[in-house]
Amino acid sequence: MRASRKQTPIKANAEILVIGYGNDLRGDDGAGRQVAGYVDSWQMPGVKVVSAHQLTPDLCEEVAHADTVIFADARPARPGDAADCSQVAEDAKSPSSIHASDPAAILQIAGELYGHRPPAWLVGIPAVDFEVGAPLSETTVAGVWQATDLIRDLISRR
Amino acid sequence: MSKQIIIDPVTRIEGHSKITIQLDDKSEVVDAHFHIAEFRGFEKFCEGRPMTEMPSLTGRICGICPVSHLLASAKAGDAVLAVKIPATAEKLRRLMNLGQMIQSHALSFFYLSAPDLLLGWDTPPETRNVFGLIKANPELARKGIRLRQFGQLVIEYLGGKRIHPAWAVPGGVRSGLDPESRDQLRARIPESRDTALKALDIFKKSIANYSEEAKTFGDFPTMFMSLVGPGGKWEHYDGLLRFIDSMGNIVSDAVEPKKYRDFIGEAVEPYSYLKFPYYKPIGYPKGIYRVGPLARLNTCTSMGTTLADQELHEFRFRFGVANSSFLYHYARLIEILAAVEHVEHLLDDPEITGAHLRASADVNHLHGVGCSEAPRGTLFHDYNVDRDGLIKGVNLLIATGQNNLAMNQTVAQIAKNYIKGPDVPEAILNRLEAGVRSFDPCLSCSTHAIGEMPMLVQVLGHDGSVVAERSRG
């Protein structure tokens, strides 16, 4: 299955914040952080990378100061599924709790507290196994590479 | 007809729990319990592991206070190796513990408790949360977020990451603090101090609104325990144990942490996986004692820093030896201020950027106890090892566990005060939860469990049948 790609422009010279998050002690849930690690290794100018256990309000200041944000997270999927990318709706709101926030919640807080809610994308990495301590599944390993391709594509469009 | 009311799960605390309230035939509260249904098992599955792994292993107990376990475990390892760690290493460990204190207390106050305290207990649940706080007072929310971030930056700059840093090890620490990072932290001190003072100001001005809560959220006499430093000063990393009674009289003093078993026993009850520690000379359950911010402020002679000592003076002028668990919130804010001031002193110490970080040795003792003050209270890691340094036995005495008896009594007190019949309004349910939240319990730490429970409140008849049911969230 081919990964979907959203054709959305990113303005030139944008400061891009990439946030990969998840629990790397729980199998495929750590995929987001793996992706963040790879993106960070590119050392691209204008690209800042955060690898986090989970999304917390402490991130909202960095989010508010970015021109564009790319979130990378594992999503429950079936074996063989591919990574995908979708834009977080500009008016998306989330009633999430303070601990387990989602991209919409962080963007909402950034907008409320700092007056800037940047455009954002969510790259979903397919995940099938969330057991404690398990290595990444085959589906997720493939998904991580697909996700990095998607992120590279997003960044290259600026 | 007697009834049982269940709150399951309790929200806006770390970990999972439920509260049951038993009504008699006249619909009066006869008893209440705070149940922990989680079980983690670290004390068992760590057997056979190398002692050197224990800081990283036990750091995984919790995602909020991993530093506390990291440090207590490393100290147990220091004892097994029989080393005195280098001065720079001790100062760096202290720095990290202070960062931990700041971020944890800031989380507790601004994220978990402030929605109740500042928006009001009767605000609808859908707005009585951090989003409601952001709308009501965005400036305070912003400051609270940055204050927590400051504590996390201390941890990150030392340990490489904010959660589960693999940094403190038996004998010292793995990496130091470079001058640039030190200066970046130092630059955040004025703002952090101002935020702590602002939060204290807001709380003190509004405390008159909480007179009923102060009387009913765990206001009963107990002993208190914490580490204290030389001269009884507020201590968070080292020192000796002090027990005081509810009037402030010292009951036991200068107790070496490695002798904790002579003073602290652990009971179990069938309705909870959380153990029930008690003061042994008095016995169970009358040997109830509390730990954590309120205990530390009650047991110490001073905070050791200028502004925090002023606040402590005012706190004692108003409350004396504070016995109301509601005042944990106040104590937490004073500790944030003290921690920020102590961080500043450490950053000004030239040894903080030193390079000698670790002492080396082999196993010299087959038993070691590490003790430090976690944000929630005194934490003990007790290890028995073999000659190869493999773990043979582990006992973890967690801060939250030591408050278990008090949390149960708090729930019962609130229930008896507010529940006058089988119908339980939402606001009173939140007061029950808020009473527990005063302790800022970390149930994931204290029971070593992972679990998920649906949000359900059930009223049961005396025959166990469900009389009424309400779900939340």
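This is a predicted model: local features need pLDDT of at least 70, side-chain atom pairs count only at pLDDT 80 or more; totals for chains, interfaces and linings use all residues.

User: Why are α8(B) and α12(B) called roughly antiparallel?

Analyst: The axes of α8 (residues 189–206) and α12 (residues 328–348) of chain B cross at roughly 165° and come within 9 Å. Axes are lines fitted to C-alpha atoms, for helices over the stretch in contact, and angles run from 0 to 180 degrees between N-to-C directions. Angles under 35 degrees count as roughly parallel, over 145 as roughly antiparallel, 65 to 115 as roughly perpendicular and the rest as oblique, and α8(B) and α12(B) are therefore roughly antiparallel to each other.

User: Which classes of residue make up the contact of α8(B) with α12(B)?

Analyst: The residues of this contact between α8(B) and α12(B) divide into 14 nonpolar, two polar and three charged. For these classes, Ala, Val, Leu, Ile, Met, Phe, Trp, Tyr, Cys and Pro count as nonpolar, Asp, Glu, Lys and Arg as charged, and the others, Gly among them, as polar.

User: What makes α3(A) and α6(B) oblique to each other?

Analyst: Helix α3 (residues 103–114) of chain A and helix α6 (residues 138–159) of chain B have axes that cross at roughly 120° and come within 9 Å. That angle belongs to the remaining class, and α3(A) and α6(B) are therefore oblique to each other. In α3(A), I109(A), L113(A) and Y114(A) meet P138(B), A141(B), R142(B), I145(B) and R146(B) of α6(B), where contact means heavy atoms within 4.5 Å. Six of the residues in this contact of α3(A) with α6(B) are nonpolar, none polar and two charged.

User: How do you know that α6(B) and α7(B) are roughly antiparallel?

Analyst: α6(B) and helix α7 (residues 179–187) of chain B pack at an angle of about 170°, with their axes 10 Å apart, and α6(B) and α7(B) are therefore roughly antiparallel to each other. The contact is made by F150(B), L153(B), V154(B) and Y157(B) of α6(B) together with S181(B), Q184(B) and L185(B) of α7(B).

User: What lines the second largest pocket?

Analyst: The second largest pocket has 22 lining residues, of which K75(B), D78(B), A79(B), D238(B) and V369(B) lie nearest its centre. β12(B) gives the most to this lining, with five residues. By class, the lining of the second largest pocket has nine nonpolar, five polar and eight charged residues.

User: What is the peptide bond from Y284(B) to P285(B), cis or trans?

Analyst: The bond from Y284(B) to P285(B) is cis, with omega near 0°. P285(B) has its place in the loop between β10 (276–279) and β11 (289–290) of chain B.

How values were computed. Residues are numbered from 1 along each chain as its sequence is written. Chains are lettered from A and ligands numbered from 1 in the order in which they are written. Side-chain values use heavy atoms; hydrogens and water are left out. On a 1 Å grid over the protein atoms alone, a cavity is a set of points where a 1.4 Å probe fits but cannot get out, and a pocket is an open set with protein on both sides within 12 Å along at least five of seven lines; lining residues have an atom within 4 Å of a point. Helices (H or I, at least four residues) and strands (E, at least two) are DSSP runs, numbered from the N terminus.
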